[in-house]
Amino acid sequence: MKKILFLLLLIYGTSCFSQKYFTRTGATDFKASVDFFEPIEAKNKSTTVLLKTSTGEIVAQLFMTAFQFKIGLMQEHFNENYMESYTYPKATFKGKLVDFNLSTIDKKSNYTLKGILTIRGISKEITTTASLKKDKKQLTFKANFSVTPKDFEIEIPAIVRKKIAKKVDISLDYVLEKKV
Amino acid sequence: MKAPEKIETKAVFFSSSAKDLLFNFQKNDTVWSSKIVQLKGVITAIGSKGITLENQIYCQLKEEQDVANFKLNTLVSLKGRIIGYDDVLEELKLDQCIKIIPTL
């Protein structure tokens with residue numbers, strides 16, 4: 001009887017304490033470069049990501065001012081003129097990895113990622129494919145998708161329009177650790 | 001084309017204890033975005049790319065800084081940039097942090 005009770009408790013325990021994986025230093029990059037012009041790209045290495053492995057629910061959040069550019073003036077323009085980072089400091093993503101199952105991740109590594117991306121207070125639905133890989137204690141999450149400045153009502157002045165791509169490619173590379 | 005200014009040469013906006021920053025941040029959280037601060041506090045956690053001060057301030061280290069130079073439960077002085085309040089993990093977040101020697 002004691003054994004059964006113990007077993008029941010164990011099963012209850014593992015299903016009750018849903019596991020979470022997270023990072024504070026995920027890499028979110030974007031590229032809006034046009035050939036023959038100055039590359040327009042930046043890296044944000046301070047993205048916070050939280051994944052609930054029991055449901056596949058995922059939350060990501062980054063601060064606009066933490067995007068690092070190679071050129072100081074470009075970084076300034078990005079924050080002050082285009083993103084208005086002091087009015088809208090964060091970008092967030094709330095979504096789900098469809099049919100995510102941590103226990104079968106060795107067999108299935110690609111999942112549909114669906115969710116809402118909010119930038120400058122404007123929300124847009126994103127659907128893409130994310131790849132996940134488990135490696136002992138870490139879970140590596142990678143995904144790409146594109147957005148347009150128009151999606152988030154970002155106005156590009158005519159004088160620089162030729163130098164900024166119509167489509168902005170965003171790539172996500174997050175190494176998640178188990179949250180204790 | 002100049003690179004963005006380095007943290008080492010940037011002027012410090014606020015210099016005090018980590019707890020004092022938390023107190024001031026809670027009073028008014030609108031003025032702190034991108035501000036350069038110098039903080040003294042107890043290290044309560046060490047991660048792979050950063051350390052936590054006083055359980056509530058996550059300090060992501062500048063790339064060439066090594067977490068091996070920090071010891072748990074000791075006092076440290078850091079210079080870094082506030083990026084904002086992370087409401088997913090409920091902590092204040094700094095980046096580009098460098099260790100200040102000696103601990104002031």
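Modeller: Helices are DSSP runs of H or I with at least four residues and strands are runs of E with at least two, numbered from the N terminus. Keep in mind that this is a predicted model, where local features need pLDDT of at least 70, side-chain atom pairs count only at pLDDT 80 or more, and totals for chains, interfaces and linings use all residues. Residues are numbered from 1 along each chain as its sequence is written, chains are lettered from A in the order in which they are written, and side-chain values use heavy atoms, without hydrogens and water.

Colleague: In which order do the elements of chain A run?

Modeller: From the N terminus they go α-β-β-β-β-α-β-β-β-β-β, which comes to two helices and nine strands. The C-alpha trace spans about 80 × 30 × 25 Å along its principal axes.

Colleague: How many residues of chain A are in contact with chain B?

Modeller: Contact means heavy atoms within 4.5 Å. Here 25 residues of chain A touch 24 residues of chain B. A:R24, A:T25 and A:F63 supply 29% of the area that chain A buries against chain B, more than any other three residues. Buried area is the accessible area (1.4 Å probe) that two parts lose on being put together, summed over both. For these two chains that is about 1900 Å², with 50% on carbon and sulfur atoms.

Colleague: How many salt bridges does the rule find across this interface?

Modeller: A salt bridge needs a side-chain nitrogen of Lys or Arg within 4 Å of a carboxyl oxygen of Asp or Glu. The rule finds three between chain A and chain B. One salt bridge joins the side chains of A:K90 and B:D87, at 2.9 Å from N to O.
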